[in-house]
Amino acid sequence: MGVNETGNISSLIQAGAKTLLVSNLPNIGATPSFNGTAAGAAGGQFATMTYNAALNQGVQQLAALNPRVNLVQMDWFSALNVILANPAAFGFTNVKDACTASLACILSNAQGFLFWDGVHPTAAGHQLLAEYAALLLSTEQTGRAVGALGQVGLSTRLDASDILFRRGAVPGANRPGGLYAEAIGQSGSVDGEKMSVYNNNGIDYSLAGVRAGFDASSGLTSFGSALAYQAGSINAGSLRSDLRTTQIDGYVMTRFASFFAGVEGGLSFNEYSDLKRETGFPTVEGKGSTRGVDFTVAGTAGSQYDIRGIIFTPAVRAGYASINIDGFTESAPVLGLEYSDRDITTGFWTARLRAATPLWGFHRATVYGEVGYEDLFSTEGSYTAKLAFNTAHAVTINNEDLNARGLFFKAGVAGNLTNTVKISAEYGFSDQNGNGDVHSGRLQLTIPLHAE
């Protein structure tokens, strides 16, 4: 039988077929004709597995001989096992008996029954079969869910990379350096309705952690570095994942008169764990984990002006970002996907204005506000997705609509906790180019490297 079906598939290929959906047999031992006895169930299962093994071997050979033909294997055997393991999730109350054996079942239009007769499914069973087939042919859509990892990786890297303006471009060219530690957090929401890459699911993510670093000055040159660790979660509709990220950033900046310029760079080491993707088939999730390494490098130039005690700092930044996510294969009884490595490269630019002034009535305290705009240009990169352990072809999924911060605002206050120890707090908001919102915050404690 398996050999005969392979021959039929070969004939279709010779006739010009380019995409074929090839189903194996469900477990005949689980049908009413065989499940009445242990011997019948075992015999039916053995016969099914023998047939399916021969069919699989034949399809593998045909796929190798005809690489331009897309042979999509439909594992109805495993899909039926999923249904039998949790029938209520599929709306069934009886997955053992034939509907035709009961007049009440026939009169109820097979309500709750999986099998119509000894081997054939009911209309509800056929509907499930059709939905499963449609999902097998929709990898280009279902595989887009992991695109959320790229957006979150880009957002967190751009936020961490802004170290030069966050640390170096502060009022006063001769401010002594300091060791600092801060609690940090970030939460974001990206609107999937405007971003097809997320299959119209949208993204919600949140991270919290700590950052430690130092700033130092030598003459007109300032420099510093920071190490941060954050952990949190990503919820992108059909995709969920935990995220742990370690970020290393550094900068060097020089001043001349009221102007300053500098460069900054950084790395993020990301771990995406407990990753789960809803396949569209009830109860089945594609599970996996992966890692990524992201980096940015950028240059910043700006100036500072003291106008009636308010220090204005306009600045522009331009840089390059690379977001890299390792390929991985999901584990799932059916509809698991295999992804290639994903490499995103993009340029980014930022324009901003900060205003800072002493806080009246408080000892050596400063308040500041910031407004700016950040966008991307020349974004490139794609990845492939294919049905795991399947002869089906991989599909290419291009990057679409990744966002920088867009319009953003920040506000903060900084002052002395003691004569030497400083404390500051900051809140930030960005609108993701009109596609969502990201909130960030930090609470920082700074200890000078040397006496003032």
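How many of the 15 residues of α7 are buried? In this predicted model, 15 of the 15 are buried, so helix α7 is largely enclosed by the rest of the structure.

**Helices α7 and α2**

- Helix α7 comprises residues 147–161 and reaches 21 Å from its first C-alpha to its last, close to the 21 Å expected at 1.5 Å a residue.
- Helix α2 has 28 residues, which should span 40 Å at 1.5 Å a residue; its end C-alpha atoms are 41 Å apart, in agreement with that value.
- Buried residues of α2 include Gly-40, Gly-44, Thr-48, Tyr-51 and Asn-52. Further along α2, Leu-55, Gly-58, Val-59, Leu-62 and Ala-63 are also buried.
- An α-helix has 3.6 residues a turn, so residues three or four places apart point the same way.

- Strand β1, helix α2 (residues 38–65) and strand β2 make a right-handed β-α-β unit.
- Strand β1 (residues 19–23) pairs with β2 in the parallel sense, over 5 bridges. Within this pairing, Gln-73 of β2 is the bridge partner of Val-22.
- Strand β2 (residues 70–74) is largely enclosed by the rest of the structure, because 5 of its 5 residues are buried.
- Asn-70, Val-72 and Met-74 point one way from β2, whereas Leu-71 and Gln-73 point the other way; all are buried.

**The four-stranded antiparallel sheet**

- An open sheet is formed by 4 strands in the order β13-β14-β17-β18, with antiparallel pairing. Its edge strands, β13 (328–329) and β18 (395–398), each pair on one side only.
- Strand β17 (residues 382–387) pairs with β18 in the antiparallel sense over 4 bridges. Thr-384 has Thr-396 of β18 as its bridge partner.

**Salt bridges**

- Side chains of opposite charge can pair when their charged atoms come close.
- Arg-144 and Glu-140 meet through their side chains in a salt bridge of 3.8 Å, N to O. Arg-144 is buried, with a relative accessible area of 9%, whereas Glu-140 counts as partly exposed at 39% relative accessibility.
- Asp-162 and Arg-352 form a salt bridge at 2.4 Å, N to O. Asp-162 lies in the loop between α7 and α8 (163–168) and Arg-352 in strand β15 (residues 342–358), so the pair ties together parts that are 190 residues apart in sequence.
- Both partners of that pair are buried: Asp-162 has 2% relative accessibility, and Arg-352 has 7%.
- Glu-182 forms a salt bridge with Arg-442, and the closest N and O atoms are 3.1 Å apart. The pair links distant parts of the chain, with Glu-182 in strand β5 (residues 178–190) and Arg-442 in strand β21 (residues 436–448), 260 residues apart.
- Glu-182 is buried, with a relative accessible area of 4%, and Arg-442 also counts as buried, at 11% relative accessibility.

**Nonpolar surface patch**

- A nonpolar patch on the surface consists of Leu-227, Ile-248, Leu-267, Phe-269, Val-293, Phe-295, Val-297 and Tyr-320, which together have about 630 Å² of accessible area.
- Strands β9 (259–278) and β10 (285–303) each supply at least two residues of the patch. The greatest contribution comes from β10, with 3 residues.
- Leu-227 belongs to strand β7 (residues 221–235) and counts as partly exposed, at 48% relative accessibility.

**Residues with positive phi**

- Most residues other than glycine have a negative phi.
- Asn-109, although not a glycine, has a positive phi of about 60°. Asn-109 is located in the loop between α4 (103–107) and β4 (113–115) and counts as exposed, at 67% relative accessibility.
- Arg-308 is likewise not a glycine and has a positive phi of about 55°. Arg-308 lies in the loop between β11 (305–307) and β12 (310–325); with 87% relative accessibility, Arg-308 counts as exposed.

Terms used:
Residues numbered from 1 in each chain as written. Predicted model: local features only at pLDDT ≥ 70, side-chain atom pairs only at ≥ 80, totals over all residues. Heavy atoms only, no water. Buried < 20%, exposed > 50% of the residue type's maximum accessible area, 1.4 Å probe, protein only. Pairing = 2+ DSSP bridges. Right-handed = clockwise from strand over helix to strand, strands pointing away. Patch = residues over 30% accessible without salt bridge, like charges linked within 9 Å, V, L, I, M, F, W, Y side chains within 5 Å. Areas by Shrake-Rupley, 256 points an atom, 1.4 Å probe, with all protein chains shown as cover. Salt bridge = Lys/Arg side-chain N within 4 Å of Asp/Glu carboxyl O. Expected span 1.5 Å × (residues − 1).
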